[in-house]
Amino acid sequence: MKVPTWQAFSVVAAAVLLGACGAEKKDDTADAQPAAVRAVPVASVAVTAQTRAVGVLAPRDEIRLAFKVGGVVDSVRAEAGDIVRKGQVLAELKRAEVDAAVSQAAEGVEKARRDLERARQLRIDEVATEEQVQDLTTAYNVARSNVDAARFNARFARIEAPADGIVFERMVESGELVQPGQPVMVLGSTASGWVVRVGLADRDVVRMEPGAPAQVTFDAFPGRTFEGKVTRIGAAADRVTGTFEVEIEVQPQGARFARGLVAKVALPLSPLPDVAPSATVVPVTALVEADGQRATVYVLDREKNVARRKDVTLGPLLGEQVIVTAGLVTGESVITDGAAWLTDGGSVRVVDDDRG
C-alpha cells in the first residue's frame, strides 16, 4: 500500500479541526453532563507495504495468423469468440494457383533431371565437358529446392490453429484477396495461461520481486479474489507513460475469463529500511489536532470515566488508520466519535464501547 504524504494527512486533520471549530458552544448545563463518546483500543498491526494498479486481462500469447503466400480466400471456418483446438483448420486459400506453382516446380525438376542425364552421357562420349555437367547438376539441385519450396508454400495455403485457444478477431471474409503475411485472425492461446499487465511507477517497480504473490479482482466477478503471481518485470520505462510494465499471471479458478476484462491488482512491495514490521495504530478519527508528525488524542480513563489528553507522534497513514510511533501503548483506548468536543479531564459516557 502506498504511504501518503504528510500534506495529504494534514488536510484530513484540518477537516477534523474545522468541524470542531464550527460547532456551536454548549451551554453550562450541557457541559455538566458526561459527553457521549465511542472508544476503540490501540492496536498493533503488521505493516505490509503494498501498491495497487489497474490492468487488462489477456492470454499470455496472442498469435496473429496469416497465410504464407498471397491469394484469394476460399473459406474462413472460425468466428470471433470461437474456442478452437490445436490443428483445427481455420481458413484456406483457393488452391488453383498454389497447386499450379507446385506442378510447375515439379516439371522443372523433371526437365533438369533429363538435361543432366543427357550431359552425363555426352561426357562419356567426350562430347560434353565436365564444366557443362557440373552446371547442369547445379541446375537440377536448384530445381529440386524450388519444388520443395512450392510444396512448403502449398501446405501453408491453409491456416491451422497452432495451439488450443480462443479466436479474438476475424479480419477477412471468403473471396477477399490477401497478401503474404497479411493477418487473417488473432488467436489467444489459452494453453499458456492468462495474464494482467499493469504499469508501475519507478519508486514501486524497484521494490517489486519476481514471483511475488498478487491479489486480483474483477468487476465482472464481484466478491471473488483471484490468486496471481508476478512473472515479469519490465526493464525499461514506457516512452509515453514513463511507467514500467509488470506482468501478473492469474489462474481462472473455474471462472470464464475473456480478453479485455478490467482487473484491479494489489501487489506487495519490499519493506522500506526505516519502517518496522509492526506498528501501533489508531483510527484517523481519533485525532483532534495535528501538525506534521505531532498530534493530540484523548485516551479513555476507564476507572474515572474521564478523557485524558495526550500528545503523540505520528507515522504514515495506513488506509483509515494512522501509525503512532510514540505516546500510546497497546491496550489503551482512544476516543473516536465525540473526541472533538472534549476537554482534558472531562467526564464521558461510553456508547457502543469496542474493546476488540
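Gly165 stands opposite Ser189 in β11, and this position belongs to the five bridges through which strand β9 (residues 165–170) runs antiparallel to β11; helices (H or I, at least four residues) and strands (E, at least two) are DSSP runs numbered from the N terminus, and two strands pair if DSSP finds at least two bridges between them. The model is a predicted one, in which local features need pLDDT of at least 70 and side-chain atom pairs count only at pLDDT 80 or more, while totals for chains, interfaces and linings use all residues. Residues are numbered from 1 along each chain as its sequence is written, and side-chain values use heavy atoms, with hydrogens and water left out.

**Confidence**

- The mean pLDDT of the chain is 83, with 86% of its residues reaching 70 or more, where pLDDT is the predictor's confidence in each residue, from 0 to 100.

**Strand β11 and its partners**

- Strand β11 (residues 183–200) is largely enclosed by the rest of the structure, because 13 of its 18 residues are buried; buried means under 20% relative accessible area, exposed over 50% and partly exposed in between, with a 1.4 Å probe and protein chains only.
- Strand β4 (residues 50–66) pairs with β11 in the antiparallel sense over ten bridges, and within β11 the bridge partner of Val56 is Arg197.
- Strand β14 (residues 244–250) is joined to β11 by seven bridges, again antiparallel, with Trp194 standing opposite Val250 in β14.
- Strands of a sheet pair through backbone hydrogen bonds, either parallel or antiparallel.

- Four strands form an open sheet in the order β8-β7-β5-β10, with antiparallel pairing.
- At the edges stand β8 (158–160) and β10 (177–178), each with a single partner strand, so one side of each is left without a neighbour in the sheet.
- Strand β5 (residues 71–76) and β7 pair over three bridges in the antiparallel sense, and the bridge partner of Ser75 in β7 is Glu92.
- Glu92, found in strand β7 (residues 89–93), has 14% relative accessibility and therefore counts as buried.
- The side chains of Glu92 and Arg77 are joined by a polar contact of 2.4 Å, a polar contact being a pair of N or O atoms within 3.5 Å, of which, within protein, one must be able to donate a hydrogen and the other to accept it, and for which residues adjacent in sequence count only if both atoms are side-chain atoms.
- Not counting residues up to four places away in sequence, Glu92 touches Phe67, Val73, Asp74, Ser75, Arg77, Ala157 and Arg158.

- A search of the whole structure finds eight aromatic pairs, where rings of Phe, Tyr and Trp (its six-membered ring) pair if their centres lie within 6.5 Å, and planes under 30 degrees apart count as stacked, over 60 as edge-to-face and the rest as tilted.
- The pair of Phe218 and Phe221 is edge-to-face, because the ring centres are 6.1 Å apart and the planes stand at 90 degrees.
- The rings of Phe221 and Phe226 have their centres 5.7 Å apart and their planes at 65 degrees, so this pair is edge-to-face; Phe221 and Phe226 are both buried.
- Trp194, Phe218, Phe221, Phe226 and Phe257 form one aromatic cluster.
- Phe218, which lies in strand β12, is buried with a relative accessible area of 3%.
- Leaving aside neighbours within four places in sequence, the contacts of Phe218 are Leu57, Val196, Phe226, Phe257, Leu261, Val262 and Ala263.
- The C-alpha atoms of Phe218 and Val262 are separated by 6.2 Å, although the two residues are 44 apart along the chain.
- Ala220 lies in the loop between β12 (213–218) and β13 (226–233) and counts as partly exposed at 48% relative accessibility; Ala220 and Val262 are 8.1 Å apart, C-alpha to C-alpha.

Key
Contact means heavy atoms within 4.5 Å.
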